[in-house]
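Q: Can you walk me through this one? Start with any term I'll need.

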Amino acid sequence: MAFAWKASGLTYNRYLAIAARVVRRSLKEEPRLQAEKRGEMDLRFAKWQNGKQGENKNLATANATAMAEHADHGQS
């Protein structure tokens, strides 16, 4: 007998993400807000030059900035 998540074509990681989201949404207000904060991810990166680490930047912010710059250059 196959697991339901496997039979529906989900990966195990995706199944866990969905289950965690359902549990977080079922909580009362205060515990739900705390759980949602724990569920957020913040990816950062730094550019290295000459053996020295540059400034740490938020990946989502850097991507949004790069996309906006790319769109501006494409329109002019």
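A: Buried means under 20% relative accessible area, exposed means over 50%, and partly exposed lies in between (1.4 Å probe, protein chains only). This is a predicted model, where local features need pLDDT of at least 70, side-chain atom pairs count only at pLDDT 80 or more, and totals for chains, interfaces and linings use all residues. Residues are numbered from 1 along each chain as its sequence is written, and side-chain values use heavy atoms, leaving out hydrogens and water.

Q: Is Tyr-15 buried, exposed or partly exposed, and why?
A: Tyr-15 is partly exposed, because its relative accessibility is 34%. Tyr-12 has 46%, so Tyr-12 also counts as partly exposed.

Q: How many aromatic pairs are there?
A: The whole structure has one. Tyr-12 and Tyr-15 have ring centres 6.1 Å apart and planes at 35°, so the pair is tilted. Rings of Phe, Tyr and Trp (its six-membered ring) pair if their centres lie within 6.5 Å; planes under 30 degrees apart are stacked, over 60 edge-to-face, and the rest tilted.

Q: Where is Tyr-12?
A: Tyr-12 sits in helix 2, residues 12–26. Tyr-12 and Tyr-15 are three residues apart there, so about one helical turn separates them.

Q: New topic. How many helices and strands are there?
A: The protein has four helices and two strands. Both are DSSP runs, numbered from the N terminus: helices are H or I with at least four residues, strands E with at least two. The order along the sequence is α-α-α-β-β-α.

Q: What share of the residues is buried?
A: Buried residues are 4% of the 76.

Q: And what does the C-alpha trace span?
A: About 55 × 35 × 35 Å along the principal axes.
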